[in-house]
Amino acid sequence: MAVTATNSDSPTSIFFKGETGRNTRGLLRLIILCTIAAAAVASRLFSVIRFESIIHEFDPWFNFRATKYLIQHGFYNFWDWFDDRTWHPLGRVTGGTLYPGLMVTSGAIYHFLRFLTLPVDIRNICVLLAPAFSGLTAFATYLLTSEMSDSPSAGLLAACFMGITPGYISRSVAGSYDNEAIAIFLLVFTFYLWIKAVKVGSVMWGGLTALFYGYMVSAWGGYVFITNLIPLHAFVLICMGRFSPRLYVSYTTWYALGTLASMQIPFVGFLPIRSSDHMSALGIFGLIQLVGFTEYIRAQLPSKQFQTLLRAMVLIVFGVAFGGLVLLTVSGTIAPWSGRFYSLWDTGYAKIHIPIIASVSEHQPTAWPAFFFDLNMLIWLFPAGVYMCFRNLRDEQVFVVIYAVLSSYFAGVMVRLMLTLTPIVCVAAAMALSQILDTFLVAEAPAEPSGDATKANGSASSNGSANIKDKLNSAIPESLRSTKAPLVGIYSYLSKSLTAGAVTAYLLLFVLHCTWVTSNAYSSPSVVLASRLPDGSQHIIDDYREAYYWLRQNTKQDAKVMSWWDYGYQIGGMADRPTLVDNNTWNNTHIATVGKAMSSREEVSYPIMRQHEVDYVLVVFGGLLGYSGDDINKFLWMVRIAEGIWPDEVKERDFFTARGEYRVDDEATPTMKNSLMYKMSYYNYNSLFPAGQAQDRVRGSKLPATGPELSTLEEAFTSENWIIRIYKVKDLDNLGRTHQEAGAFGKGNKRKKGGKRRGARVLRVD
Amino acid sequence: MRLRVLGLLVGLLGLVSALSAQGNKLLVVLEEEADKSRYSQFWSSLSDRGFQLTYRSPKDTGLSLFQHGVPAYSHLLLLPTKAKGLGPALTPNLIVDFVNAGSNVLLTLSSEVGIPSAISSLLLELDITLPADRNSLVVDHFNYDTKTAAEDHDILLLPSPKQANNAIKDYFSVDSLVAFPHAVGQVLGNASPLLSSILKAPSTAYTYNPKDDSGDSLEDVFASGNQITLVSAFQARNSARFTVVGSAEALEDKWFDAAVQVPGAGKKSEKTGNKAFAEKVSAWTFKEAGVLKVESVSHYLNEGPQSTLTNSSSALGQANVDLNPTIYRIKNSVHYAIALSEWSGTHWTPFTPAAADSVQLEFSMLSPFHRLNLIPSSQTPTATIFTSTFTLPDQHGIFNFFVEYRRPFLTNVEEKRTVTVRHFAHDEWPRSFVISGAWPWIGGIWVTVAGWVAFVVVWLYSKPAQPKGDLKAQGFRR
């Protein structure tokens, strides 16, 4: 990478000088970019090579299923898709509640390849879409950085960083068929177009920005980040007194066209003019009109009257706008800030008010080591890059600064927002690093300073403005000397080679780290678990697919499966069975209903399951294998979410012992032991062990000597390593008894004679 | 599956004379061969109706209710036994399994021989309670037979059973009094909707233990009056029937031909209606009466070209009708039809509900959005077609057309057809120019367009008056 910094003194200097040199550099740049793209794609293929070409995790399974639907039924049916196989019995207006960009993109690629007579399986397109787009992201990052920095190497460095940094790879390995797969490319490219538009001030670039913004809106909910960042950029520029016709043209073009484009997505609809999240863009749109008008008036009026007019106008406009906003919010025309938005400011908010958001692991605040883990050395180059922006603060550098500040904050609040931080970190780090490389990698010694000896850091610039600089120097105090003329050059070969060597070493370490992280942390499909046997060979734990295929082959086509929402998409995608709740958490009450069924006694759960026509219940149990992501560990979230809706019937406190411990052993609370989830997890588990020896390897506790008993459910399937357990819901008893009574009768327990009644006799009325 | 249906067909063809809708193999369990002759009229009545009777003793080692895991008999008739239990082949669990497999049981009790505890505990599972004393019987000092029980008052004479209201179809009424000697009274639980009483004791009856001379039991009688059921009917969720007759004696030949007389002046001696009553009870239990069948269920969109369809099944046979679609849209008009037949003993006939009763349709998701009375709109030779036309609710989701018809003495009808109700597609909304409220907005758009064009025209063709000021303005717009 360090080689990419162009040298002008190589022996084959003929290729690097003049017109030929320009062409050579262009060709080299192209080759390097292609290589970077190839590297970006290649490093994301670990999972395909290790396991197979398979869709990963949870959300991608839905996207995959939706794409298949799109391919099968065509675009308009997809647009109007009512999905009756999820959220039973509510169904989901899927066509109107998803971001269709991803599916449409892969659908278009599919049809394009078919048009070229290349019959590629849609699964392979979906699996490889994210790596392919990561190559494009690298290219977009190159473009964006090239706009920011004059250094020829900055863009290439940024592209390289973007290609392999784990923070981005985490969401774009092969098989990770999620919205972010294409959204990050669109994010970076939209920003590039925006910068270009602000620089040039042309309607064309503004229109292109709007176009790609529209694409972004169709692809990812994170478009709100752009919706707020661009207005903020414009606002800061206006506040800095940098209002210009260029800004006016690009912003108004982007806002008008971009808003119209975004409103075409059914899921977004009228949100851009009705929700608070989008109000800043609208506000800045109004403000920029006012500022433009004021500029026009200023040109027409004498300054004194203008001052008075301005003051009055500012007050009136502010009052009217603010009052209007408050009024509209109170009256409900503008939706108040959404819960997800509040949780961005107060990390404790979600835990109290919206447990369903807090329960998602990627919504947790980021742990500090994660920054180093995901960005490695870029994290310390990043502030340096931002600092560089201040040294040469043009409009686009302002953008970098704003972006950097905002996204650093957000990345600290939510793990998944690390993704939006990564591009700017790459850009800023590349700017800093290119500065170092440009300074230290120049083989020839810089020219002698033009000034006298006392001005040791005199200008080496070629514009011949030494006189002005001299005056400046005398005006600036001694301590700020270094800010006067930054670039001088290094004379000593030793320091040059030392620094260059160190940087090269860092870069190599960076590549090593990225490869290691990608290979170890981010390439597991999480559908298939890998473990090592004592002899070092790889052992695949394939319980999920085993269970899902069991469901697919042994149950009715419309057998409803109840599970916690994490597994909804996978059941829908792999087992092709209707589910009650899934990862699209649009209906909190429905999820809470499932939570209540899981956390209540059988007598309470059974009517709920009957009402929802549940045929099978699926739980994930890691106790045998020591798989910690199981349902007992997630159980408290079910309880909390259910408690949010039924505070009188489900109480979190009841699941903790008197000493406040969450236990599953002998000392577990009766509520815990009687809950359906506990019973389903540990049913028959005792039979695996010698009497009284049952051990839960996740919680590390010994289980009660007698296992729980189930009366309303019967065990239907347990996977090889007991990770997935499936239970069948029994039909009502044929004789009208409760299942407990029927079970007791079946075991030969005689019912108490009804002859000895207590209290008043209840007469039967026919 | 096909083989089984074929086998069933062949079996049915072979038994043209069988009157039961289910099967004709009847197992009679009686303790002693000598008892058999006492019921000869009842047996001949049964065999006349096409049943193949098999007589077994509970002590018989070869006795088994199941063969190869399926019931060996369609029906079971239990006569009273003196033993405490019914033996290993007739444990309560086996009888419950027998009922769960869809077979019917007619259980007779007698206070003369006492009630085995196994029977008591079996009945408890059905929520039927028997007196704690083995020999309790029902007495009535106002409705007894003056000829045979002038002293003991333990042979009850009961008027023909009739249903409490006219929402329940009548299957048991007879012309004359029914004699009920030495009856065991049963008390039905409140909770179970599967229970109903066929014959109740008069309001003046009570249970009494003749062996208990202390009189304590009279202080706290087990049950009295109408609460005592003499013949109770239990119909399981799978429509298997379990009938408890409180007096086995009532089925004996002796009482089929007896003449009885109620106390009181001016009352004449008359012949009992026991024979007819026994026939009716056994006919109901063994599924000769009160058996319903769903012949067909259909629903279709009642809009567009299909709205002119008549309800007749011939119209539904047309090729262009999209019958039973899996998906509708909200606010669609939908037509639903269900054809119900009732078994008459020889063939299927159109079903008519009781006068104050009607078949209802629920259109439900989690809870019913519609609950409609179905109208009997037409009849075929074998079935009545109940129909309804209604507008789907403004709620998308997975709905059920659900007919749940559970009435006492009729087999359960539970027909659930699941359909999806989708939302409006993007091109199904009215166009903007159709909505009058949208006209100002549409007007606004075109005024803006026209204004902009006009502005551009004026801007392009107006000659600048002062070059200096113009430059400034241009400078801003550049």
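Mentor: A:Glu57 is partly exposed, because 19 other C-beta atoms lie within 10 Å; a residue counts as buried if 20 or more other C-beta atoms lie within 10 Å of its own, as exposed if 12 or fewer, and as partly exposed in between, with C-beta atoms placed from the backbone. This is a predicted model, in which local features need pLDDT of at least 70 and side-chain atom pairs count only at pLDDT 80 or more, while totals for chains, interfaces and linings use all residues. Residues are numbered from 1 along each chain as its sequence is written, and chains are lettered from A and ligands numbered from 1 in the order in which they are written.

A:Glu57 belongs to the loop between helix 2 (46–50) and helix 3 (59–73) of chain A, where helices (H or I, at least four residues) and strands (E, at least two) are DSSP runs numbered from the N terminus. Its phi is positive, about 50 degrees, although A:Glu57 is not a glycine. Most residues other than glycine have a negative phi, and most peptide bonds are trans. A:Asn376, also not a glycine, has a positive phi near 50 degrees, and this residue sits in the loop between helix 19 (368–375) and helix 20 (378–391) of chain A. A:Asn376 is buried, because 24 other C-beta atoms lie within 10 Å.

A:Leu509 lies in helix 24 (residues 493–520) of chain A and is exposed, because 12 other C-beta atoms lie within 10 Å. The C-alpha atom of A:Leu509 is separated by 8.8 Å from that of A:Met377, although the two are 132 residues apart along the chain. Chain A as a whole has 32 helices and eight strands, and buried residues make up 42% of its 766 residues.

The interior can be followed through the nonpolar cores, a core being a set of buried Ala, Val, Leu, Ile, Met, Phe, Trp, Tyr and Cys residues joined through C-beta atoms within 7 Å. In the largest one, of 193 residues, A:Met216, A:Ala428 and A:Ala429 touch the most other members, and helix 9 (residues 179–200) of chain A gives the most to this core, with 16 residues. Leaving aside residues up to four places away in sequence, A:Ala429 touches A:Phe161, A:Leu378, A:Leu381, A:Phe382 and A:Gly385; contact here requires the C-beta atoms, placed from the backbone, to lie within 7 Å. Another core, of 115 residues, lies apart from it and includes B:Val96, B:Leu194, B:Phe286 and B:Leu410.

Elsewhere in chain A, four strands form an open sheet of mixed pairing in the order 3-4-8-7, with strand 3 (561–562) and strand 7 (713–718) as the edge strands, each pairing on one side only. Within chain A, strand 4 (residues 616–620) and strand 8 (residues 724–729) are antiparallel, joined by five bridges, and A:Val619 has A:Arg725 of strand 8 as its bridge partner.

Finally, consider where the chains meet. 30 residues of chain A are in contact with 33 residues of chain B. Helix 14 (279–300) and helix 32 (739–746) of chain A each supply at least two residues of the side of chain A that touches chain B, and helix 14 of chain A gives the most to that side, with three residues. Chain B itself has 11 helices and 27 strands, with buried residues making up 38% of its 478 residues.

Note on methods
Two residues are in contact if their C-beta atoms, placed from the backbone, lie within 7 Å. Two strands pair if DSSP finds at least two bridges between them.
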